[in-house]
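Thank you for making time for this today. I would like to walk you through a few local features, one after another, so please have a look at the sequence and the structure first.

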Amino acid sequence: MKKTYFLVISIFALNSLFVQISKLPNGGGEYKNSSIHPECITENHRTEIKNYLQKNINNLINSGKIKNTKNMKNQMSHPLFIWPVSKTTNAPYNSVWTIGNYIDHNSSYPNQLQDWNCGTRTYDTTTGYNHQGIDIGTWPFSFFQMDNNQAIAVAAADGVIIGKYDGNFDRNCSMNSNTWNAVYIQHADGSQSWYGHLKSGSLTTKNAGDTVTAGEFLGVIGSSGSSTGPHLHFEVYNSLNQLVDTYSGACNNWPSSTDSWWVSQKPYINPNINAVFTHSSPPQFNSCPTTEIPNINDNFSSGSDVITAVYLADQTAGSTLYLTIKRPDNSILANWIFNLTDQYQVSWWYWTFPSANFSQQSGNYQFIVTYLGNTVTHNFYYGNLNLNENSEQKVKLYPNPTKSIIYLQNDNNAIIDKIMITDLAGKVVLTQTTTTNQVDIASLASGIYLLKAFSGTSKLVSKFIKE
């Protein structure tokens with residue numbers, strides 16, 4: 001892509017003079033994982049699921065684990081759902097999802113579409129399938145997220161598990177007749193929510209008859225069954241076993257869906273910054289089902305170029321990205337905008353900054369992106385390392401018996417200006433500006449972390465395990 005530069009001299013209120021650079025990205029654009037929409041569940045498979053669930057429900061009623069809701073129909077209010085997709089603590093993203101497809105309300109086919117908002121954000125097939133349920137895709141790096149258990153399905157409301165499929169192949173890339181991995185939940189009013197396409201072997205250890213609460217882990221999002229990539233298929237039925245569109249909108253006139261089933265219904269188009277990263281080289285998006293190579297890097301030695309990147313969901317035509325890089329002393333290295341002219345479900349854009357841009361200072365930099373009022377900051381370190389990476393000759397870690405305090409032994413009496421702890425994905429989980437020789441890690445979840453100790457322009461990295 002041809003680069004265009006505009007130089008503008010600007011003065012901040014702090015009277016610091018800097019050059020504001022506005023330039024087109026070096027690469028990126030719209031991302032499409034597939035133009036083919038599979039039939040998530042064939043009618044034969046859907047019938048099999050319903051028969052399987054009814055058999056389980058009868059057994060659970062007889063064993064007293066759930067109530068018989070036949071005499072309760074239309075007497076209880078339906079549940080209100082929280083969002084069924086979440087990120088795990090090791091996921092270095094701002095968000096991990098985007099809407100792929102809504103329910104199709106137009107029963108004709110093919111290519112005769114109407115979603116709850118009177119739009120066409122749905123699909124049908126030439127065989128007569130009109131999409132049932134909501135497809136929530138993962139972005140960015142869908143297979144990387146799946147491999148590293150970073151995007152998960154959670155229970156949208158309290159209920160009882162009435163069925164579970166697991167152990168099926170989970171890296172599908174096309175329409176097929178394979179069985180998916182899924183969890184099925186019945187709610188107090190007799191309604192059901194289905195969670196499909198999950199990763200094999202990742203499902204909750206709970207079984208039919210066990211209760212779950214809203215927000216509870218159900219499984220890692222994968223690509224099992226008839227699927228073209230990792231996503232969650234969320235399908236809901238009311239107490240009369242009628243398909244429900246959980247969204248309230250002008251073109252949702254089903255008797256089963258007279259109001260919204262959401263605690264807080266999300267907008268039809270939901271623009272968001274899903275991630276802000278720095279990379280050692282542009283990420284590699286491989287063909288399904290090969291895992292992407294993100295090339296995420298938060299630690300750059302002198303002489304290295306830095307690639308800054310932003311990953312968007314529901315990029316909105318006519319909107320603007322505001323981007324800034326701040327030096328360690330909080331002065332501005334670069335400050336630019338990028339006007340977005342197209343409407344994309346998911347997109348990504350990156351800018352390359354040569355090493356000369358970082359020659360003035362070593363230390364912790366900030367890459368800050370603001371989009372439609374939402375700001376995300378990504379921290380990265382730039383500079384030569386006077387101490388050897390992963391060496392423990394200068395700084396040693398001594399967890400005390402409570403495993404909540406790390407003590408740093410400083411053999412050369414260097415003053416430690418800053419301590420930063422990241423997970424193995426590079427996400428900063430704790431920052432401490434102090435000259436003390438101890439760090440409180442009680443708030444960290446169990447796992448493996450990197451502790452980075454800074455002394456002037458020197459840095460040392462040591463790995464430790466929080467049990």
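Let me begin with a question: does N241 count as buried, partly exposed or exposed? At 41% relative accessibility, N241 counts as partly exposed, where buried means under 20% relative accessible area, exposed means over 50%, and partly exposed is what lies in between, with a 1.4 Å probe and protein chains only.

Before I go on, a word on the source: this is a predicted model, in which local features need pLDDT of at least 70 and side-chain atom pairs count only at pLDDT 80 or more, while totals for chains, interfaces and linings use all residues. Residues are numbered from 1 along each chain as its sequence is written, and side-chain values use heavy atoms, with hydrogens and water left out.

Back to N241, which sits in the loop between β13 and β14 (243–244); here helices (H or I, at least four residues) and strands (E, at least two) are DSSP runs, numbered from the N terminus. Its phi is near 65°, a positive value in a residue other than glycine. L372 also has a positive phi, near 50°, and is likewise not a glycine; L372 belongs to the loop between β21 (363–371) and β22 (374–382), and with a relative accessible area of 51% it is exposed.

Let me turn to H231, which is part of strand β13 (residues 231–237) and counts as buried because its relative accessibility is 10%. The side chain of H231 makes a polar contact of 3.3 Å with that of H197 and another of 3.4 Å with that of S227; a polar contact is a pair of N or O atoms within 3.5 Å, where within protein one must be able to donate a hydrogen and the other to accept it, and residues adjacent in sequence count only if both atoms are side-chain atoms. If we leave aside its neighbours within four places in sequence, H231 is in contact (heavy atoms within 4.5 Å) with several residues, among them C40, D135 and I221.

There are also cis peptide bonds to point out. One runs from Y109 to P110, with omega near -5°, and P110 is placed in the loop between β5 (97–101) and β6 (134–138). Another joins W139 and P140, with omega about 0°, and P140 lies in the loop between β6 and α2 (142–147).
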